[in-house]
Amino acid sequence: MVHSNADDVKTAVRTALDAGYRLIDTAYNYLNEDAIGEVLEEYIKASKVTREELFITTKLGSVLTRPADVQYSMSESLRKLRLSCVDLFLIHQPMVLKKQNDPNDVFPVRNGRLDHDGRVDLEGVWKEMEKLVDEGKAKSIGISNFNAAQVERIMKCARIKPVVNQVECHAYFPQTKLEAVLKKDNILIMAFAPFGSPGNAALLTNPGESPPPALLEDPVIAKLATKHKKTPAQILIRNLLQRNLIVIPKSITPSRIQDNGNVFDFELPSEDMDTIRGIDKGIRIFRPSIMADTPDYPFKSPV
């Protein structure tokens, strides 16, 4: 994973808050919680925003996906974010990696594969996640990158149900089958990579494969952008919003951050929604071979 430098992160968060964004999505694995926390404290102290207006999401470290390490991961995130609680705390991935001496080595690799630490005790980890809610450290909890069978495992043991499953979701991979499964349990999709993650596509392409087609350059999306006098990115975000999904576009470019927020002054008619539905290619981008040997790898399942 490519991590943004601290100055870029702080500029992005300031730009987003100034533009009216209030949901900030981060993670232990992203190594940017310190930078985000600095800006949050700056804006709250200056009364530019109140804590109550913000919705802060972070995630359990992949080297800490064990029942005994959940509290530590949460405490480290709260310390870095300079907060007493987060609004949403997620299990980042159904995998546990070996702890390293370097705390910044959040994705340890050995022989070209992630250095995993065996099977994940999902049920045990979830019980510890529930304790965070009991203690007021997280207002709500959820999961990320879980397939339908793994969601069912959580539902069978849960006292507090997951509110979201944060997954890759875009016009080339709309996740409609998973959405139907989640709806039965009132779990929302939180859609990451709404543009097909053009910045990471080459990085995530497995050896011997061609890079995925560029969703932002799709001619169907381009035609709709011209029709509505919007950018392709705005069309893609609006499509997901009208599916009643939570959308978390990623950018560190100030102009794009501002543009991505300007999606509430138009609506896609049903025929345009149908048109976008027709470009589904079933292309999952986030399935790098480096993860494939982890015992609970979720993407072997189509749903």
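**Exercise 1. What is the order of the seven strands in the open sheet, and how do they pair?**

Before we start: this is a predicted model, where local features need pLDDT of at least 70 and side-chain atom pairs count only at pLDDT 80 or more, while totals for chains, interfaces and linings use all residues. Residues are numbered from 1 along each chain as its sequence is written, and side-chain values use heavy atoms, with hydrogens and water left out.

Step 1. Strands (E, at least two residues) and helices (H or I, at least four) are DSSP runs, numbered from the N terminus. Two strands pair if DSSP finds at least two bridges between them.

Step 2. Reading across the sheet, you get E1-E2-E3-E6-E7-E8-E9, with parallel pairing. At the edges sit E1 (23-25) and E9 (246-247), each pairing on one side only.

**Exercise 2. Describe the surroundings of strand E2.**

Step 1. Start with E1: three bridges join E1 to E2, and the two run parallel. Asp25 has Thr57 in E2 as its bridge partner.

Step 2. Now try E3. E2 (residues 55-60) and E3 (residues 88-91) run parallel too, joined by four bridges. Here Leu60 is partnered with Ile91.

Step 3. Check the cover: five of the six residues in E2 are buried. Buried means under 20% relative accessible area, exposed over 50%, and partly exposed in between (1.4 Å probe, protein chains only).

**Exercise 3. Look at Asn111 and find its loop, its phi and its accessibility.**

Step 1. Asn111 is in the loop between E4 (109-110) and E5 (113-114).

Step 2. Its phi is near 55°, a positive value in a residue other than glycine. Most residues other than glycine have a negative phi.

Step 3. Asn111 counts as exposed because its relative accessibility is 76%.
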